[in-house]
Amino acid sequence: MTRIKTNFRGLRALVLHGEGATTDRLAGILQRLGLIVLFHDPAETEAAALPECDLVLFDADEEIEASVLDRLAATLPMIALIGNEAPSRLARVVRFRCNSHILKPIRSMGVYSALLLATNGHEQHLQTCREIESFRQRLAGRRTVTKAVLKQMTLCGIDEDTAYEELRRRAMELRVPIETAARMTLDPSDTESLPSPCRRPRKA
Amino acid sequence: MSGDTVKVGIMFSLTGSYAAIGAAMRAGADLAIAELNARPDSNLRLESVFADPKGDAAAYADVARRLLTDRGLTHVIGCYTSSSRKEVLPVFEKHDALLWYPSHYEGFESSENVVYTGAAPNQHVLPLASYLLHNHGGRGWFVGSNYVWAWENNRILRETMLAEGGEVLGERYFPVGDTDLEDVVRQIVEDRPDFIFTTLIGESGYQFCRLLRAEAERMGIDQAARMPVASCSLSEAELPHLGAAADGHLSSSVYFSTIETAENARFSALWRERYAHLGNPCADAEATYIAVRLLAGAIERAGDTSFHAVREAVRGLKLDAPQGPVTVDADNLHCAMRPRIGRSRQDGTFDVVFAAQSVAAPDPYLVWSGAEAPDAQSTPHHLKVIR
């Protein structure tokens, strides 16, 4: 099992919630857990004005500008502060891909769980995104690889397995992804992606 | 309030698998109440209202509710296990009442309705991990009762050990009260660990120590020296239950009956006068004694017995306790106390083999004492560590 994050000391938590007992209580608990708390009035969420932070806790009951939350949710763990269970409010929580939530009124119990689930859930989400991106790249290169294998088969009169094996061996020798080796097989002048020592001078 | 009698709930299990500790904790509360009531210079009188949930975790919430509603109490000293504390927490929150929880525990809680007078994990688990690594080695076998006390302590110890290059040879859990431990004992002795960390509580723990000692002797191994049992809960109240296997076990605690302070000499003498039949005073009894004294101190400081007034008054309160100076942390309502490690003796006491240089501030979430602050968990997930 991958070790999870259990300590949030020094993380900057941006609280988008109006002033009052909820904010005070939440700030006290977050500080006890070692976080640095930054407040921002949800009514004034001008894009440039938001401070840099590591995670966001936002009031799910208020109509905070969706574009602002969308932008934050793209890169940061999001925790919804929920006081109203009306579906229209909760729909926003889903849309902003919240990794966890805290129910209002806030108790000391529940905040640590929400932090732990949000930061670790966000980490897993980033990992999934990286995997999807890498699959996407490989998928895009699939056609090139097939074409390169076919070219080798006709050119050298070998079977598909041997042609693929050749291509793979070449990629390993050059230390490049198989898709790059395939592109070079199809167009030997294409040496753009090679590490510099292997790169041949381009034709004038 | 002057001249008033304040009723205080005392809630411990005197039957069930951890009855020995329950009896010692009740004695600690009774001792403090008797002592406070005998003070000529104070009008405050405490009257105990005792309730026994009989070791059944599910019964605790109901017993607590009756104390708070039927008896109208605001302050209850009680609970030994974490499962029982978790059961009663919502009841205390609902009724604006304060639970004075007098036992060491695994941390990761900080309720506004609880004053914690036992050790937090940075005051007993972490010091034990460091002591074991430096004095006995890094190969451990973990055995525990199947509930959160064991799971969480084992996690903390395991992560600390692994970070230092140690190794966990085995980890097994048993139902609370289970004494069918022959197989695991044989396995442990066969594996020859550097130490055995036990979080077995009550009867299971006593039986484990007896069986382990017997099996080691059969194999010609000096168990106490070669593979000591280490725990964060073994106390003076339990040593008499271990019979001939009482000596040579390590325990991490903020209190031992052998600590040399004037307060402890006084406390121990009073204890022996009244409760000699319970063995020597133990950490949980002392924590209960502290809880009652802090409650009285907070009521006197506040001039009021209400929940909010007493909770505010207890923040930062200091006490000269048998273990030494104890201060209630103003933020998390746990206590600053001095970590120690003892090695048990056949006479039912502990030799203190390690004492921290000073008191340790309570850190229930291991925010400041944990090895793994965010900046230390540095390897990004998409990079592999090549060894």
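This is a predicted model: local features need pLDDT of at least 70, side-chain atom pairs count only at pLDDT 80 or more; totals for chains, interfaces and linings use all residues.
Two strands count as paired if DSSP finds at least two bridges between them.

Three strands form an open, antiparallel sheet in the order S11-S12-S13 of chain B. S11 and S13 of chain B each have a single partner strand and stand at the edges, so one side of each is left without a neighbour in the sheet. Two antiparallel bridges join S12(B) to S13(B), and Val328(B) lies opposite Cys335(B) of S13(B). Here are the strands with their residue ranges:

| Strand | Residues |
|---|---|
| S11 (chain B) | 318-321 |
| S12 (chain B) | 324-328 |
| S13 (chain B) | 335-336 |

Helix H10 of chain B, residues 283-302, packs on this sheet and touches S11 and S12 of chain B. The direction of H10(B) makes about 140 degrees with that of S11(B).

**The cores**

The largest nonpolar core holds 110 residues, and Ala24(B), Ala64(B) and Val115(B) have the most contacts inside it. H10(B) gives the most to this core, namely twelve residues. Both domain 1 and domain 2 of chain B contribute residues, so the core lies between them. Beyond its sequence neighbours within four places, Ala64(B) contacts residues including Met11(B), Val76(B) and Phe92(B). A second, separate core has 34 residues, among them Leu30(A) and Ile106(A).

**Chain A and the contact**

Chain A is divided into domain 1 (12-108) and domain 2 (132-198), whose centres are separated by 48 Å over C-alpha atoms. Where the chains meet, chain B supplies 18 residues and chain A 17 residues. The chain B side comprises seven nonpolar, seven polar and four charged residues.

Note on methods:
Residues are numbered from 1 along each chain as its sequence is written. Chains are lettered from A and ligands numbered from 1 in the order in which they are written. Domain bounds come from an automatic or database domain assignment. Helices (H or I, at least four residues) and strands (E, at least two) are DSSP runs, numbered from the N terminus. Two residues are in contact if their C-beta atoms, placed from the backbone, lie within 7 Å. Axes are lines fitted to C-alpha atoms, for helices over the stretch in contact, and angles run from 0 to 180 degrees between N-to-C directions. Ala, Val, Leu, Ile, Met, Phe, Trp, Tyr, Cys and Pro count as nonpolar, Asp, Glu, Lys and Arg as charged, and the others, Gly among them, as polar. A nonpolar core is a set of buried Ala, Val, Leu, Ile, Met, Phe, Trp, Tyr and Cys residues joined through C-beta atoms within 7 Å. A residue is buried if 20 or more other C-beta atoms lie within 10 Å of its own, exposed if 12 or fewer, and partly exposed in between; C-beta atoms are placed from the backbone.
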